[in-house]
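Please read them with the structure open.

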Amino acid sequence: MIEMRNVDKWYGSFQALKDVSLTVLPGEKIVLCGPSGSGKSTLIRCINHLETIQKGEIVVAGHRLSDSQKVVDAVRREVGMVFQQFNLFPHKTVLENCILAPMRVRKLSRADAEATARRYLERVRIGNQAEKYPAQLSGGQQQRVAIARALCMEPKAMLFDEPTSALDPEMVKEVLDTMVSLARDGMTMICVTHEMGFARQVADRVIFMSDGEIIEENDPERFFSNPTHARTRAFLGEILAHR
Amino acid sequence: MTLDFSVVTNAWQALAWGVVGTMLLAVFGMALAMVIGVGGVAVLRAQRRIPTLLVTAFVEVIRNTPFLVQIYFIFFALPFAGIRLNPTITAILALGLNGGAYAIEIIRGGVESIPKGQTEAGLALGLHRGEVFRMIVLKPALKAIYPSLSSQFILLTLTTAICTSISAYELTSVGQRIEAETFRSFEVYFTLTGIYLVISLLTMWALAAIGRRAFAYPDR
């Protein structure tokens, strides 16, 4: 589904990704974790070409990423993304947020786009807020709308960039529940998150990154109970200490 | 000094037409400025070298030369290049170009104030850069700078008075004519001052009403 081979990325002289290789099979759920600045967000942002890479290659659903607009369009058509800051469009209602891209990009009629949008809004349990504006919703509700908005494009895979980091604690669960149910339905997912409970519950693999490199990669059971790398142990010690 | 406002009241019809002329110049000038402002920012956002250079040069030339010279240039110099425009069209063009250059600067500030995440969300959904600008970034950007844009447009409305210099038909030129016939300078310009004040306040009110309607959505 998603394949990264020997990817290098620099910001000027700073190397953000070092020889990263990663294969994600259809239906797989990957959790990416690691200290801030370790390159996890950069990695998933390369997958839908929000960031460009300098070396290596990325193949998404059979499309080999390049600067060609056609390829980028094809890849973005297959991959949905959810951001830390929700990034809902403030001047559009929840429903309008959800139908914009399906109408412009997938060329759906308004009626079809609205039907799809209402279905996904129901699914993230926010169907009764369709006519509200983002600012009228809580953070958790906004993030669920953002998930529904991405799903309206019927993507084959979803990228989550720290989807619960900007939320008040009491709202984290509703977003995670939505993600868990999405995972149960077989969606291919790559999630940058520090929610280790979520990782244990749904991840097929947990990947630990540090300084732009993939340090360790394992199924959640072994990753948490028996991390092999010192840096992984230190990191897990840090984030699990307070729970 | 005895005041005689009958010279003004007797000419109320001419003054009323002057107000119409002024409003016409102002409204069309604002519309043109708006088009230039949004279009200019769209060009800048596309980040192509030559168009960016042209827009930047346009903004700098307009913002660093007097409006009076700009309007004289269009009216008196362009005919040598074979372009001859009547005073009203010239006035609208000059007001629109001048206001447009300032509008570009103001709107660009608004666009820069919109978080990058908005653009990224649009791109991630598969929209192209132009679509992201038009459908996602533009409206919140305009909302953010609408007060500054409004004051710029009030200024544009008052600048219509300078168009009297090429004998465009507007309030100040009507006033000048009445003054020339009656020599009642105080009464005439006192009246004009009052009328401009009312025009300005009404414009401000109208722009605020438009803003309230256009940007009715709640911000956080």
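Predicted model: local features only at pLDDT ≥ 70, side-chain atom pairs only at ≥ 80, totals over all residues.

1. Chain B, overall fold. Chain B has nine helices and zero strands. Along the sequence the pattern reads α-α-α-α-α-α-α-α-α. Its C-alpha atoms fill a box of roughly 70 × 45 × 25 Å, taken along the principal axes.

2. Chain B, packing and surface. Of its 220 residues, 46% count as buried. Take the contacts in chain B between residues at least 6 apart in sequence: 78% of them join residues at least 24 apart. The chain exposes about 11,600 Å², and carbon and sulfur atoms supply 69% of that area.

3. The annotated span. An unreviewed UniProt entry places "domain: ABC transmembrane type-1" on residues 19-207 of chain B. In the model, residues 19-207 are 83% helix and 0% strand. The end C-alpha atoms of this span lie 18 Å apart.

4. A nonpolar patch on chain B. Which residues make the nonpolar surface patch of about 570 Å²? They are Met1(B), Leu3(B), Phe5(B), Phe186(B) and Phe190(B). Phe186(B) sits in helix H9, which runs over residues 185-214 of chain B. Phe186(B) counts as partly exposed because its relative accessibility is 41%, between the cut-offs of 20% and 50%.

5. The interface. Chain A and chain B bury about 2,000 Å² between them. Of that buried area, 66% is on carbon and sulfur atoms. Chain A gives 25 residues to the contact, and chain B gives 21 residues.

6. Charged pairs across the interface. How many salt bridges does the rule find between chain A and chain B? It finds two. Glu131(B) forms a salt bridge with Arg104(A). The closest N and O atoms of Glu131(B) and Arg104(A) are 3.0 Å apart.

7. Gly139(A). Is this glycine, Gly139(A), buried or exposed? Gly139(A) counts as buried, because its relative accessibility is 17% and the cut-off is under 20%. Gly139(A) lies in helix H5 of chain A, residues 139-151. Leaving aside neighbours within four places in sequence, Gly139(A) is in contact with Phe86(A), Leu167(A) and Met171(A). Val175(A) is 36 residues from Gly139(A) in sequence. In space, the two are 9.6 Å apart, C-alpha to C-alpha.

Note on methods: Residues numbered from 1 in each chain as written. Chains lettered and ligands numbered in written order. Heavy atoms only, no water. Patch = residues over 30% accessible without salt bridge, like charges linked within 9 Å, V, L, I, M, F, W, Y side chains within 5 Å. Areas by Shrake-Rupley, 256 points an atom, 1.4 Å probe, with all protein chains shown as cover. Salt bridge = Lys/Arg side-chain N within 4 Å of Asp/Glu carboxyl O. Helix = DSSP H or I, 4+ residues; strand = E, 2+ residues; numbered from the N terminus. Buried < 20%, exposed > 50% of the residue type's maximum accessible area, 1.4 Å probe, protein only. UniProt positions renumbered as here; feature names shortened; annotations may be inferred. Contact = heavy atoms within 4.5 Å. Buried area = accessible area lost by both parts, 1.4 Å probe.
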